[in-house]
Amino acid sequence: MSAGIFYYRARAFCNLIENTSHYGHKELQHLVSALALLYSEANRLILCDVDEVDDEQQPPSVKQTEREVIVNRITAALHQDYYRVVDPLNIYESPAPTMSQISDDLTDIWQELTIGLRLWERGNAKDRRLAQWHWVFSFSSYWGLHAVNAITYMHYTLARLH
């Protein structure tokens, strides 16, 4: 059941990314809400076992041209650069902020979700299990941190728009 809910959250987030060309206050509120709900549901997903993946079951990739469309749309609509702390738990060194870009964060999240969505939408049980595995693995190893950074970025951006 949880993977089905996650699918709908992922689809909603990707639809926002794919169809929004202007990010005013209202659009940012929708986007940060969708991302926060997505993050919450990702935490509830369970890493399932998957059988060996054959050539027919390989996850569909996202083409570079698709990615560029999303990056360009976000870049045109939002201020790009912001600072983030790389490892806030490293107490032995002063955490140095590094430069990041919101288009990178949102596009990376969109890309990982899209791979899972394409698997899920094939409709068979094996592909849906692989989609769930992909979402959980990529969340814990990659896009979860991008989501936290993007939520932080949007929180501060919204606060400045008031």
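## Reading helix packing and salt bridges

Author: Start with one pair of side chains. Arginine 122 forms a salt bridge with aspartate 127, and their closest N and O atoms are 3.4 Å apart. Keep in mind that this is a predicted model.

Reader: What is the general idea behind such a pair?

Author: Side chains of opposite charge can pair when their charged atoms come close.

Reader: Is aspartate 127 buried or exposed?

Author: Aspartate 127 counts as buried, because its relative accessibility is 4% and the cut-off for buried is under 20%. Its partner reads otherwise. Arginine 122 has a relative accessible area of 35%, so it is partly exposed.

Reader: How many salt bridges are found in the whole structure?

Author: The search finds six. Some share partners. Arg67, Asp104 and Asp108 are joined in this way into one network.

Reader: Which residue meets arginine 11 in a salt bridge?

Author: Glutamate 121 does, with 2.7 Å from N to O. Now look at where the two sit. Arginine 11 is in helix H1, while glutamate 121 is in the loop between helix H4 (102–120) and helix H5 (125–161). They are 110 residues apart, so the pair links distant parts of the chain.

Reader: How exposed is each of those two?

Author: Arginine 11 has a relative accessible area of 22%, which makes it partly exposed. Glutamate 121 is partly exposed too, at 40%.

Reader: Which residue pairs with arginine 118?

Author: Glutamate 66 is the partner, and the N to O distance is 2.4 Å. Arginine 118 belongs to helix H4 and glutamate 66 to helix H3 (residues 64–77), so this bridge ties together parts 52 residues apart in sequence. Check the surface as before. Arginine 118 is partly exposed at 27%. Glutamate 66, at 24%, also counts as partly exposed.

Reader: Let's move to helices. What describes two packed helices?

Author: Two things do: the angle between their axes and the distance between the axes. Helix H1 covers residues 2–19 and helix H2 covers residues 25–44. Their axes come within 9 Å and cross at roughly 155°.

Reader: Why is H1 called roughly antiparallel to H2?

Author: The crossing angle is roughly 155°. Angles over 145 degrees count as roughly antiparallel, so H1 is roughly antiparallel to H2. The crossing is left-handed.

Reader: Which residues of H1 and H2 make the contact?

Author: H1 brings residues including Ile5, Phe6, Phe13 and Ile17. H2 brings residues including Leu31, Leu35, Leu38 and Ala42. By class, the contact has 12 nonpolar, two polar and three charged residues.

Reader: What do the axes of H2 and H5 do?

Author: They come within 10 Å and cross at roughly 150°. That makes H2 roughly antiparallel to H5. This crossing is left-handed. Among the contact residues are Leu28, Val32 and Tyr39 of H2, and Trp143, Ile151 and Met154 of H5. The contact has 17 nonpolar, five polar and no charged residues.

Reader: At what angle do H1 and H5 cross?

Author: They cross at roughly 65°, with axes that come within 10 Å. The crossing of H1 and H5 is left-handed. Ala3, Phe6 and Tyr7 of H1 meet Gln132, Trp135 and Trp143 of H5. Five of these residues are nonpolar, one is polar and none is charged.

Note on methods. Residues numbered from 1 in each chain as written. Predicted model: local features only at pLDDT ≥ 70, side-chain atom pairs only at ≥ 80, totals over all residues. Heavy atoms only, no water. Axes fitted to C-alpha atoms, helices over the stretch in contact; angles between N-to-C directions. Helix = DSSP H or I, 4+ residues; strand = E, 2+ residues; numbered from the N terminus. Parallel < 35°, antiparallel > 145°, perpendicular 65-115°, else oblique. Left-handed = near helix turned anticlockwise from the far one by under 90°. Contact = heavy atoms within 4.5 Å. Nonpolar A, V, L, I, M, F, W, Y, C, P; charged D, E, K, R; others polar. Salt bridge = Lys/Arg side-chain N within 4 Å of Asp/Glu carboxyl O. Buried < 20%, exposed > 50% of the residue type's maximum accessible area, 1.4 Å probe, protein only.
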